Amino acid sequence: MIHAQDLTKSYGKKTVVNKVNLQVNKGSIYGLLGSNGAGKTTILKMISGILKENKGTILIDDQSIFENTKKKQQLIFIPDQPYFFSHYTVKQMAEFYRDFYPNWNEARFNQLQAIFKMDLKSKIHQFSKGMQRQVSFWLALSAMPDYLILDEPFDGLDVVIRKRIKGLIFNDVAERDMTVMISSHNLREIEDICDYIGILHDGAFILEKDLDDLKSDVHKVQLAFADEFPEQLFDSFDVLHQEKRGTVHLFIVRGEKADIDQVVNTKQPLIYDLLPLTLEEIFVYEMEGIGYAIEEILV
Ligand SMILES: Nc1ncnc2c1ncn2[C@@H]1O[C@H](COP(=O)(O)OP(=O)(O)OP(=O)(O)O)[C@@H](O)[C@H]1O
């Protein structure tokens with residue numbers, strides 16, 4: 001489990017990560033969302049033990065990660081700009097990983113060549129950016145880490161390989177409880193893979209949500225009545241948004257479907273529709289509720 005408390009990082013006088021608390025449970029996938037400069041890379045580098053926090057603590061399985069080689073052997077950070085030793089071939093880089101990561105699995109490395117399809121003797125710096133990113137995944141997944149920390153991992157990857165890599169990550173999470181953090185500025189890019197989402201703005205979280213809870217308990221309700229609208233209808237619910245379009249009232253309501261049905265049906269509406277929301281719609285309303293326009297934060 002990753003546990004960060006009051007995590008704070010400053011460069012000079014500028015605080016870029018401010019008292020961040022987060023918990024990533026074993027075997028789960030945490031999506032760290034935020035615009036350019038929000039502090040995502042800084043947080044991921046502190047969690048990976050690359051940067052030292054100014055204040056606060058980070059514990060991975062109750063141990064500090066900074067300068068903890070043993071713990072770092074269980075964790076792989078893939079940066080937003082792939083980095084390899086200059087002039088190394090895939091094979092040489094794999095040998096380096098095999099020496100450092102005790103769980104390195106040679107059979108898996110060979111097996112994954114069928115997916116990544118790159119020549120072992122090629123020099124990595126001669127590959128395109130997208131191919132280099134694929135090499136990062138190939139090596140990381142062959143090292144069988146307990147923790148995989150990914151900074152904007154899908155940039156520059158085509159749809160097919162993106163889907164395959166997501167499948168491989170899912171597999172490792174399901175089969176051996178790997179724990180994953182993924183940063184992105186794009187909700188759509190990671191919503192299909194994450195269990196949990198944290199939205200970062202100016203170095204602090206403005207929203208944190210378990211996606212299973214979100215998908216199940218927020219509804220779009222459209223209603224029309226022959227007579228007056230019953231004003232207190234949703235008083236016992238959390239209403240994220242409401243508006244009137246002609247005679248139709250639109251509500252975004254948090255609550256169980258059965259409870260909403262019961263309240264609405266007692267008032268005998270002329271029109272009653274209860275529609276599912278996309279994840280993006282939920283985030284738009286949630287963020288509107290706390291005073292942010294989603295387009296200022298995410299793309
Ligand atoms: N080495 C550094 N020295 C000074 N300021 C830095 C340094 N690294 C990052 N920053 C600043 O910290 C803030 C957060 O940067 P960070 O890279 O963590 O953001 P990010 O959310 O990952 O952004 P992006 O999506 O653009 O990668 C930015 O204002 C950035 O300018």
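Reader: Which residues have the most contacts inside the largest nonpolar core?
Author: This is a predicted model, where local features need pLDDT of at least 70, side-chain atom pairs count only at pLDDT 80 or more, and totals for chains, interfaces and linings use all residues. Residues are numbered from 1 along each chain as its sequence is written. The core (buried Ala, Val, Leu, Ile, Met, Phe, Trp, Tyr and Cys joined through C-beta atoms within 7 Å; buried means 20 or more other C-beta atoms within 10 Å, C-beta atoms being placed from the backbone) has 66 residues. Those with the most contacts inside it are Ile47, Ile149, Val180 and Met181.

Reader: Nice start! Which helix gives the most to this core?
Author: Helices here are DSSP runs of H or I with at least four residues, and strands are E runs of at least two. With six residues, spanning 129-142, the top contributor to this core is helix α5.

Reader: What is the bridge partner of isoleucine 149 in β8?
Author: Isoleucine 149 touches Leu44, Ile47, Ser48, Leu75, Ile76, Phe77 and Met181 (C-beta atoms within 7 Å), leaving aside residues up to four places away in sequence. Strands β7 (147-151) and β8 (179-184) pair (at least two DSSP bridges) in the parallel sense, over five bridges. In β8, the partner of isoleucine 149 is methionine 181.

Reader: Which strands stand at the edges of the six-stranded sheet?
Author: This open sheet runs β6-β7-β8-β3-β9-β10, with mixed pairing. Each edge strand has a single partner, so one side of each lacks a neighbour in the sheet; the two are β6 (75-78) and β10 (204-210).

Reader: Which helix gives the most to the shell around the ligand?
Author: The ligand is surrounded by Tyr11, Val16, Gly34, Asn36, Gly37, Ala38, Gly39, Lys40, Thr41, Thr42, Asp80 and His185 (C-beta atoms within 6 Å of it). By class, the shell has three nonpolar, seven polar and two charged residues. Giving three residues, the leading helix, at 40-47, is α1.

Conventions:
Nonpolar A, V, L, I, M, F, W, Y, C, P; charged D, E, K, R; others polar. Buried ≥ 20, exposed ≤ 12 C-beta atoms within 10 Å, placed from the backbone. Contact = placed C-beta atoms within 7 Å.
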